[in-house]
Amino acid sequence: MTSTTKAERLVTAALVTLSLVPLLAGAARLAELAGGAEPTPSNARFFASPLPVVLHVLSASVYCVLGAFQFAPDFRRRRPGWHRVAGRLLVACGLVAGLSGLWMTLFYPRAEGDGELLDGLRLLFGSAMVLSLVLGLAAILRRDVGGHRAWMIRGYAIGLGAGTQVLVSVPWFLIVGTPGELARALLLGAGWVINLAVAERVIRRQTASPARAAELREGLLEVRASVGNASRPTQG
């Protein structure tokens, strides 16, 4: 196993681990709804309209965990067919997660401790996630492999924001205590900003790397080959 392959596996493992944060929180929410827990002021909105939060939890869980494997070049090279099939599922799950998150922000009653700033940040980053996925899909349809990867990395970074938000918020809880409305908004916003900053660094490094440029050419050849096979008439 090469050092590059080891690094790729470590990155994938780190992303999966980070995905466990929203996955476990979502599982607890679904168990709460399915188990008929007593509604409280903090969760009454979910009991009143459970479909959006159920869709959000399920789609976001698949998106975060499955998406971690899409960014491992060695895995993509060994299983190109899996990458394409999983990519279609990821775009669908990402759009459902993003749109359901926007719906909840707009139409659910605001939770205690949330404010207008946090609502604005959720709308901003949720819209950016949906837009990134749409642009990523449009890029691969026009055979722009580099653009596709860049936009998909940005969309995934935003979707994985919940994991980073916990890492950012825990020190505040331990040192300061429960954050107020402004502090909570800034902490959650910092999670998204950190992820996007890392995503942009990854994109720049990939663009500047000669090895990555060769991989992009290979990806383009695969796209052209798959398009050519799909359009070739079947011999009778």
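These legends go with a handful of close-up views of a predicted model.

A quick note on the ground rules: residues are numbered from 1 along each chain as its sequence is written, and side-chain values use heavy atoms, leaving out hydrogens and water. Since the model is predicted, local features need pLDDT of at least 70 and side-chain atom pairs count only at pLDDT 80 or more, while totals for chains, interfaces and linings use all residues.

**View 1. The overall fold has ten helices and zero strands.** Read from the N terminus on, the elements go α-α-α-α-α-α-α-α-α-α. Helices here are DSSP runs of H or I with at least four residues, strands are runs of E with at least two, and both are numbered from the N terminus. Of the 236 residues, 38% count as buried. Buried means under 20% relative accessible area, exposed is over 50%, and partly exposed is in between (1.4 Å probe, protein chains only).

**View 2. The largest pocket holds about 1,600 Å³ of space.** Its lining takes in 48 residues, with His56, Arg122, Ala162, Gln165 and Arg184 nearest the centre. The elements giving two or more residues to that lining are α1 (3–34), α2 (44–48), α3 (50–70), α5 (80–107), α6 (116–141), α7 (145–159), α8 and α9. By type, the lining splits into 28 nonpolar, twelve polar and eight charged residues. (Ala, Val, Leu, Ile, Met, Phe, Trp, Tyr, Cys and Pro count as nonpolar, Asp, Glu, Lys and Arg as charged, and the others, Gly among them, as polar.) For the record, a pocket is an open set of points, on a 1 Å grid over the protein atoms alone, where a 1.4 Å probe fits, with protein on both sides within 12 Å along at least five of seven lines; lining residues have an atom within 4 Å of a point. Grid points are joined across faces, edges and corners, and the volume is the space filled by probe spheres set on them.

**View 3. Arg154 and Glu200 pair up in a salt bridge at 2.5 Å, N to O.** Arg154 sits in helix α7 and Glu200 in helix α9, so the pair ties together parts 46 residues apart in sequence. Arg154 is buried at 17% relative accessible area, whereas Glu200 is partly exposed at 27%. A salt bridge means a side-chain nitrogen of Lys or Arg within 4 Å of a carboxyl oxygen of Asp or Glu.

**View 4. The structure holds six salt bridges, and here are some other charged partners.** Asp119 bridges to Arg110, with the closest N and O atoms 2.9 Å apart; Asp119 is buried at 15%, while Arg110 is partly exposed at 47%. Arg142 and Asp144 meet at 3.7 Å, N to O. Arg142 counts as exposed at 55%, and Asp144 is partly exposed at 30%. Asp114, Arg122 and Arg184 are linked in a salt-bridge network.

**View 5. A nonpolar surface patch is formed by Val166, Val170, Trp172, Leu174, Ile175 and Val176.** Patch residues have over 30% relative accessible area and no salt bridge; nonpolar side chains (Val, Leu, Ile, Met, Phe, Trp, Tyr) are joined within 5 Å, and like charges within 9 Å. Val176 is in the loop between α8 (161–175) and α9 (181–208), and is exposed at 55%.

Definitions and conventions:
Areas by Shrake-Rupley, 256 points an atom, 1.4 Å probe, with all protein chains shown as cover.
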